Amino acid sequence: MRHLLVAASIIAFASAANGAAPPKLTQAQHDAAHAMFEHVISTPTVIGRHNVPAMAQYVADQFKAGGFPDADIHVMPYHTESATTGADETAGLIVRWRAAGTPKAKPIMLMGHMDVVEAKREDSTTDPFVMTERDGYYYGRGSIDMKDGIVAITQAMINLKAAGFKPKRDIVVLFTGDEETNGLGAKHGASDWLDLLGHPEYGLNADGGGGNFNVDGSPAGFTMQTAEKTFASYTLTVRNRGGHSSKPRKDNAIYSLAHALDKIEAYRFQPMLNETSRAHFAAREQLVTGPLKDAIHRWLANPNDGEAADFIEADENEVGLTRTRCVPTRLFAGHADNALPQLATAMINCRIFPGVDPNAIRTELEHVVADPTVVVTRNDDYVASIASPLRPDVTAAYTNAVHALHPRMPVFPEMSTGASDGRPFRVSGIPVYGVNGGWTITPIDNRAHGKDERLPVQSLYDNVVHWQLMLRDLAGK
Amino acid sequence: MKRVLAFALAAAASTTALAATDPRDVPTQLSKEWQVKTREVFKQAIEIPSVHNRGQTQKVAELLASQFRAAGIPDSDIHFMPYEALPGDNTTALIVRWRSPHPTKKPMLILGHMDVVEANRADWTFDPFVFREENGYFLGRGTSDMKNGDVATTMAAVKLISQGFKPNRDIVFFYSGDEETRGIGATLGSTKWRNLTDAEFGLNADGGGASYDRNFRPLGFGISMAEKTFQTYFFTTHNPGGHSSRPRPENAIYELADALKALQAHRFTPMQNEITRGYFEERSRQEGDSPLGQQIRAWLANPNDGAAADAIEANPLEVGLTRTRCVATMLKGGHADNALPQSATATVNCRIFPGVQPKDVQAELQALAGPKVEVTPDPLYIGVPTPASPVRADVVNAVKAAAMRFHGKDMHVFPVMSTGASDGSFFRAQGIPVYDVDGSWGISPDDERAHGLDERIPVRAMYDDVLHWEMIFKALAG
């Protein structure tokens, strides 16, 4: 689940680049990244299609070919399932690059997920599971969420090893196979796979962070993800005795559901500010102009100015940052075209502002719908994620890597509106930082989970270099 | 697709609270010899699971054809017509011509279908494809929809032939093999095979019939002479979608919900035709001075009294009889729990008033749904508008005489408009009027099990139906 640009406080506005030119990929390294990206994009790792184990094996084979010993490469098959997402036999991948000599510290964990959200051929311009290059973009499901990060981490490690780099502490890779659905891979990682992972000191997640440019080419900033909104899903259920469709009745499960959805569409949760988002908006105020700048200014001056908060929330770049948001994502009703529906359901996906209990949101939705025939239930038992404390070493390494490739790029910490594999680690005391180095054009490339997902071609290769810089910095000292 | 007899008609029917007799206990008038013959053919028919895709319908056709052949109909007048219904479902129709030695009128067409709706052994209390007789009922899939009608029409003809009856017009029997799914047989029968089926009018055994309430009071015998056109439409919305953590103002599900609310509030223009006026006249007599009775009289007196029509339509007994109705029956939207929906679709099932064009209904739906919603007809089933068949005195009188013989004078006969659709619609659309006049009957609502579980028919209703059709043939072809 992807990082979305949004930051909490300015870590560093552009300092002039530190002089050294960033490393360049050789043609062979470039081609290897391209070939790997094309292969993994063309592997439809959607839940229920049973393709994740094959992708895990493919990625494992890349590490083996890069000289990593078999004994330190583990494909970890596991089952994933829930009532709402369906089931699959999926797999994780663990690769351990051992330190030369006695490790100076506990391992650094590099994180990503190999699965992708469903994409239907008929909803897409070109086959989402055939990587297509056009107009300076790579198109395909997973191109930004987040097979680019899988390729960047893998190729960076292979390139560093080939260059003779010897880490001073273990680097351990955890790629999961069900982040988009049930997150069981991350749960394994934070529990029964923890010995294999060497009890890492912290995680660096490629499924977070990253940067944006505006459409006019100006920098919109890179972010380091340190916190995330709480992900929780709910189901609205309406039951009815049904009947023959030639004799419609007044009470109809579909119509009741439509009225409930209409109320949810109109409803706005209470705007909220916390220390993180306050710092974020303080930074944003400096970067934007016009009415948005005014609204941010007014809201920061008066947190009770709901009108200003609403204006900010309505901006495409700020969606989800001022409050809890809930939106219907799936519908299902009926059993035959000539029968009145006996059941109608809608899935409501919520991203809950930190500190708010998901059970309280269920009650709030019930009040919003205000119809006793519409039953609101939770689909999961998720609890709030814990923000990871800022570490100077990680912050510096990320900022330096970003500036090596993008001088004068603003860098912010981020409260992600999405949820990620980081949560079970954060909850169990292992901080996680979303520090990917990919970039896109905002808002036109904000297509994670959507139609015609795409990644600027150059971003893929920049990201390989980015991870090389990060690892040299954090594991080389 | 079975008629719901006259059941919907008259839950509140006639008030004459006579100490009524249980009609199931009245002895059948069919002779013992013909009871045995009828039962044997019915048993064989029920035990052939002629469900779509099972390739069994041919066997029902052979069973019926063998009865005609044994009675002396030459092979040259017995036609097996194989065709494909649903993709890959190879089925067959049966066409039999009982020739008149000296025809004085155009032929008469008898309609039925040999296929049945799927029945799941696990859902039933017994095997739906094992014929049973228990407590005055025959049980099994197809006992009321409508192998009873296939057997009654066939056996009535066989019996009359054996008695030396010579019709004064050809009587053509047309039994289709996919009425419950796509109606391709009736489509072909009314067009491509017209040289074999052309007729002055048709009598459909897949409709009509009498009913009694639980106190054994007669509720009436409805002759279906018109039916609404069945057409399903899809309401579809599209959106680029995106990540559900960043909701956008435009949302495929919200746009669809708005259209569904508009659909819920929409009422099509009230309409009457000769058939529904006849029906409501009978209902007005039954209802007397009840509020419904007064509303019906007001509407009959002034067809532009929309308020009266709306009040009638809102009554659970009369739903669907005053106008076109459309209702949302299915929803599907989105592709992942954590992604904004890229498309959402509602299935909207319409029953269109006879004579109204489905494309006009589509335009009306499109107007109410708005420009963000795409309204398209289901490409797998394009409904053909059917004109109401004109009331024919000879048909009505023949049915009245039969109803009087088997049910007495309190069983009123009147026209009805079916809200469902059957094979008859295809023939009506091609200019052959069709009347649903089967003579079987049941107790309402306990015996209304067509398409449902533990389908059944009173034993006497099956046997008397042979005599009912014998009377109909004699009256209209003698």
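Student: What makes strand S1 of chain A and strand S2 of chain A a pair?

Tutor: In this predicted model, 10 bridges join S1(A), residues 73-82, to S2(A), residues 86-97. Pairing needs at least two bridges, so the two strands qualify. They run antiparallel, and A:Met76 stands opposite A:Gly92 in S2(A).

Student: What joins S1(A) to S2(A)?

Tutor: A hairpin, which passes from S1(A) to S2(A) through 3 residues.

Student: Why are H2(A) and H3(A) called roughly parallel?

Tutor: The axes of H2(A), residues 52-65, and H3(A), residues 147-162, cross at roughly 25 degrees and come within 10 Å. Angles under 35 degrees count as roughly parallel, and therefore this pair does. The crossing of H2(A) and H3(A) is right-handed.

Student: Which residues of H2(A) and H3(A) meet, and how do they divide by class?

Tutor: From H2(A) come A:Met55, A:Val59, A:Gln62 and A:Phe63, which meet A:Lys147, A:Ile150, A:Thr154, A:Met157 and A:Ile158 of H3(A). The residues of this contact divide into 6 nonpolar, 2 polar and 1 charged.

Student: At what angle do H6(A) and H7(A) pack, and what is the hand of the crossing?

Tutor: H6(A), residues 275-287, packs on H7(A), residues 290-301, at about 145 degrees, and the axes are 9 Å apart. H6(A) passes H7(A) in a left-handed crossing. The contact includes A:Phe281, A:Ala282 and A:Glu285 of H6(A) and A:Ile296, A:Trp299 and A:Leu300 of H7(A). By class, the contact of H6(A) with H7(A) has 5 nonpolar, 2 polar and 4 charged residues.

Student: What makes S14 of chain A and S14 of chain B edge strands?

Tutor: The order of the open sheet of 8 strands is S14(A)-S9(A)-S13(A)-S11(A)-S11(B)-S13(B)-S9(B)-S14(B), with antiparallel pairing. S14(A), residues 374-378, and S14(B), residues 374-377, each pair on one side only. Neighbouring strands of this sheet are turned against each other by 30 degrees on average, direction ignored.

Student: How do you know that S9(B) and S13(B) pair?

Tutor: S9(B), residues 229-238, and S13(B), residues 343-352, share 10 bridges in the antiparallel sense. The requirement is at least two, so the pairing holds. B:Tyr233 stands opposite B:Val348 in S13(B).

Student: Which helix packs on the sheet that contains S13(A), and what is its direction?

Tutor: Helix H5 of chain A, residues 253-266, touches S9, S11, S13 and S14 of chain A together with S11 of chain B. Its direction makes about 15 degrees with that of S13(A). This angle is under 35 degrees, so the two count as roughly parallel.

Student: What is the strand order of the open sheet of 3 strands in chain B?

Tutor: The order is S4-S5-S17, with antiparallel pairing. S4(B), residues 132-134, and S17(B), residues 456-458, are the edge strands, each pairing on one side only. The twist averages 25 degrees from one strand to the next. S4(B) is joined to S5(B), residues 137-139, by 3 bridges, and B:Glu134 stands opposite B:Tyr137.

Student: What angle does helix H13 of chain B make with S17(B)?

Tutor: H13(B), residues 459-477, packs on the sheet, touches S4, S5 and S17 of chain B, and makes about 70 degrees with the direction of S17(B).

Student: How many residues of chain B are in contact with chain A, and what area is buried?

Tutor: 52 residues of chain B are in contact with 60 residues of chain A. The two chains bury about 4,800 Å² between them, 55% of it on carbon and sulfur atoms. B:Arg246, B:Tyr254 and B:Asp337 supply 17% of the area that chain B buries against chain A, more than any other three residues.

Student: Which peptide bonds are cis, and where do they lie?

Tutor: One joins A:Asp145 and A:Met146, with omega about -10 degrees; A:Met146 is in the loop between S5 and H3 of chain A. Another runs from B:Ser444 to B:Pro445, with omega near 0 degrees. B:Pro445 is in the loop between S16 and S17 of chain B.

Student: What is phi of A:Asp135, and where does the residue lie?

Tutor: Phi is near 55 degrees, a positive value in a residue other than glycine. A:Asp135 lies in the loop between S4 and S5 of chain A.

Terms used. Residues are numbered from 1 along each chain as its sequence is written. Chains are lettered from A and ligands numbered from 1 in the order in which they are written. This is a predicted model: local features need pLDDT of at least 70, side-chain atom pairs count only at pLDDT 80 or more; totals for chains, interfaces and linings use all residues. Side-chain values use heavy atoms; hydrogens and water are left out. Axes are lines fitted to C-alpha atoms, for helices over the stretch in contact, and angles run from 0 to 180 degrees between N-to-C directions. Helices (H or I, at least four residues) and strands (E, at least two) are DSSP runs, numbered from the N terminus. Angles under 35 degrees count as roughly parallel, over 145 as roughly antiparallel, 65 to 115 as roughly perpendicular and the rest as oblique. A crossing is left-handed if the near helix is turned anticlockwise from the far one by less than a right angle, and right-handed if clockwise. Contact means heavy atoms within 4.5 Å. Ala, Val, Leu, Ile, Met, Phe, Trp, Tyr, Cys and Pro count as nonpolar, Asp, Glu, Lys and Arg as charged, and the others, Gly among them, as polar. Buried area is the accessible area (1.4 Å probe) that two parts lose on being put together, summed over both.
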